[in-house]
Amino acid sequence: MILEVDGVKFGYNGKDILKNVQLNVDRGEMLVILGPNGVGKTTLLRCINAILKPKAGTIMVEGGDVLKMEPAAIARRVGYVAQYQAKTRMTAFDAILMGRKPHIRFRTSEDDIRMVDGAIKVLGLEDLAMRHIDEMSGGELQKVAVGRALVQEPRLMLLDEPTSSLDLKNTMNILSLIQRVVKEHNVGAVMTMHNLNSALRFADKFVFLKNGEIHSAGEIQEVSEEMIEEVYDIPVEILHHNGRPLVVPLN
Amino acid sequence: MHLNHGEKHEEYSRYVGRKAALLAFSGIVLVLISLVSISKGAASLPIGEVAKALLGFDAAKRTELIVWNIRLPQVLAAIVAGAGLSLSGAVMQSVLRNPLGSPFTLGISHAAAFGAAFAVMIMGSGTMASSHVGAVTISNPYVTTGMAFLFSMGASGVIVGISRMRGASPEIMVLSGVALGALFTAGTMFLQFFADDVQLAAMVFWTFGDVGRASWSELGVLSVITLAASAYFLLNAWNYNAVDAGDETAQGLGVRVQRVRIWGMIIASLVTAVAVAFLGIIGFVGLVCPHMVRRLIGGDNRYLLPASMLLGAILLLASDTVARLILAPHLLPVSILTAFMGAPVFLALIIKGYAK
C-alpha cells in the first residue's frame, strides 16, 4: 500500500469536519473523493500531507508516518496540486523546477534541470517551457502544476479539484494525463472532484463522503444509484459507457 | 518516478545566462555611476584624480579630503540604502503577494517619522543651529535615530503580532500596515500642530531622506545589517518563489509558510528601520525598483532579489547625484527627487499593465 489512512478525525472550534475516516491507495491506483460542497473533501486531502493536523488517526505513506515527518520530508514523498494556481511572472520551466524545492537548498543541479525537461516532455509542454505562466490559460497552468508535483518525485500525488476551472477538452486532457502518469510511473493518486462523470471515467476507486464520514467506498464499477441519491439527495440513473458508469440526474 | 529521459535544456541555459549577464552589467553600471557621483558636486573633481584617491595613489590633498570625508560615505550610503530598501520591498511584495508591499506603504516609514518627531518634541532632541548652509540640525541625533528605529520596529511588530493572531494572511498584514501608517501620520500631525517653530523645522527636516547624513560608523551598521539580511533572503529565495505560487502550493512543497512570511517581514522591516533611522524617509525606491526588475527579468527570486538590490542602488545613487547637481550650490534631499521620479514611473507601470 502506498497510502493508509486510519481513524482520521479533524475539526476546529468544537466542530467536527472529519470523523473516523479510513482509506487505502495502492501503487498505480487513482482514488477519487466525492461528496457535496463543504463535506470535507479538501480538508481530508490537506490532512493527508499534514498541511492540516488531524486530531486523531494515522496517515502512513509507504509505511512512514506522515504526522511525525518534517514538512520537507513529506514533500519528498507526497506531491500536492492545489486548486488555486497563482499566476506569477515565472517561466513554466522555473515554475516546474520549483518542485525540486524539497530536495535542494539553493543551487539546482544538472540532474534537476534534466528532470524538469523530462516532466515537460511527459506533459507535452515543450513549446511553452519558456513562456511566463501569467500568460498561460487555465489548462496550461494546471499542466505546469502537475509537472511541479511530478518533479517532487512523489510516491503519492494529491490533486484538489484539478479540473474545476477547465473546459471539457482540457478536463479530459488533464485527467488522462494524470491517469497515464499514475499508471506509467506506478504512483498512487488521490483527487477530489465535483464532476461525477469525469471522476468515474478516469478513477479506479471512489470514496463518498457525507457529514464528515465515509458513506461508501469501492471500485468504480460498484457505484450505485442509491449511494449517489443518499449522498447528493437527488434521484439519478446510472447508464454505462465503455464499461464505465455514467450518471444522469433525473430532476 | 522516472523522468530520466530529460536532457540539458539549451534554451533554459541561455535564459539563465542572460539573467546572469544582466546582473553583471548592472554591477558595472553601478561602479561607473559611483565614480561619476564621487567626482561631481559643488567642487568638481577629475575622474582620474578620484580613482587615484580611491586606490591610495598620490592624489591632491584636497581631492583626498573631499573623496574620503564627504563624497565616498555619501555614495556608499546611497548604494547600501538603495539596495536595502529595494530588497526589503521585493521581499515584502513576495511574502505578502501584494504589489503594494513596501516599507513606505506598510507604515514602517511613517512610524519612523513619528518616532523622530516624538524625540524632537517630547525628548527635546531638535534645535535650530545656524550653520554655514543655514540648515536646521538635530542636536541629539542618537536619540532621534533611536526613537525612529524603535517606532518602525514597533510598527512591524504590531503587524506581525496581529498576523500571528489571525493566521498571517497577506491581506491582514497589508491592511494592518495601512492602518498603522494612517495612525502614525495622524500622530505626527498632532505633534507638529503643538510644536514650536524650531521643533517643527527639526521634524520636517528629519523626514527629508538624505544619504549625505550618514557617518562612517552609521554606514558600517547599515552595511552589516543589509549584507546579513541579503544573505538570509537569498538563501530563502526558493521559499519566496513557492509562497508566490500560493500558500497551499508552498505548503505542498514543504515550506513553513507562516514562518517564512513572518521572518521575511521582520528582517525586511529591520533593514528598512535602520536605513530610515539613519537617513530619513526615502520613499518609492522600495516600491518601484522590484516592479521594474520583475518586468525586466521575471519574478524568480533567485535573480529578482540581487537584481532589485543592484537597481535600487543604481537608482538611489543616480538620484542623489542629480539631486546634488540640479540646484547647485544648494543640495536637494534625494527623497524629494525619488518621490518625484517614483510616482510617474509607478503610474507608467500600472498603465502599461501590471505583471507580477
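Tutor: Let us begin with contact: two residues are in contact if their C-beta atoms, placed from the backbone, lie within 7 Å. Please keep in mind that this is a predicted model.

Student: Which residues of α1(B) meet which residues of α2(B)?

Tutor: On the α1(B) side they are B:Leu35, B:Ile38 and B:Ser39, and they meet B:Ile47, B:Val50 and B:Ala51 of α2(B). By class, the residues of this contact are 5 nonpolar, 1 polar and no charged.

Student: Why is α1(B) called roughly perpendicular to α2(B)?

Tutor: The axes of α1 (residues 10-39) and α2 (residues 47-55) of chain B come within 9 Å and cross at roughly 105°. Angles of 65 to 115 degrees count as roughly perpendicular, and therefore α1(B) is described in that way relative to α2(B).

Student: What makes chain A as compact as a globular protein of its length?

Tutor: For 251 residues the globule rule gives 18 Å, and the radius of gyration of chain A is 18 Å, close to that value, so the description applies. The C-alpha atoms of chain A fill a box of roughly 55 × 40 × 30 Å along the principal axes. Chain A has 8 helices and 12 strands.

Student: What share of chain A is buried?

Tutor: Buried residues account for 47% of the 251 residues in chain A; the term requires 20 or more other C-beta atoms within 10 Å of the residue's own.

Student: Which residues touch the most other members of the largest nonpolar core?

Tutor: That core has 183 residues, and those touching the most other members are A:Ile96, A:Ala119, A:Leu158, B:Ala81, B:Ala112 and B:Ala116. Helix α3 (residues 61-95) of chain B gives the largest share of this core, 16 residues. In soluble globular proteins, nonpolar side chains tend to be buried together.

Student: What is B:Ala81 in contact with, leaving aside its neighbours within four places in sequence?

Tutor: B:Ala81 is in contact with B:Val211, B:Leu222, B:Ala275, B:Leu279, B:Ile282 and B:Leu316.

Student: How many residues of chain A are in contact with chain B?

Tutor: There are 41 residues of chain A in contact with 33 residues of chain B. On chain A, the elements giving two or more residues to this side are α2 (71-75), α3 (92-97) and α4 (110-123), and the largest share, 10 residues, comes from α4(A). By class, this side of chain A has 25 nonpolar, 7 polar and 9 charged residues.

How values were computed. Residues numbered from 1 in each chain as written. Chains lettered and ligands numbered in written order. Predicted model: local features only at pLDDT ≥ 70, side-chain atom pairs only at ≥ 80, totals over all residues. Helix = DSSP H or I, 4+ residues; strand = E, 2+ residues; numbered from the N terminus. Nonpolar A, V, L, I, M, F, W, Y, C, P; charged D, E, K, R; others polar. Rg over C-alpha atoms; globule rule 2.2 N^0.38 Å. Buried ≥ 20, exposed ≤ 12 C-beta atoms within 10 Å, placed from the backbone. Core = buried A, V, L, I, M, F, W, Y, C linked by C-beta atoms within 7 Å. Axes fitted to C-alpha atoms, helices over the stretch in contact; angles between N-to-C directions. Parallel < 35°, antiparallel > 145°, perpendicular 65-115°, else oblique.
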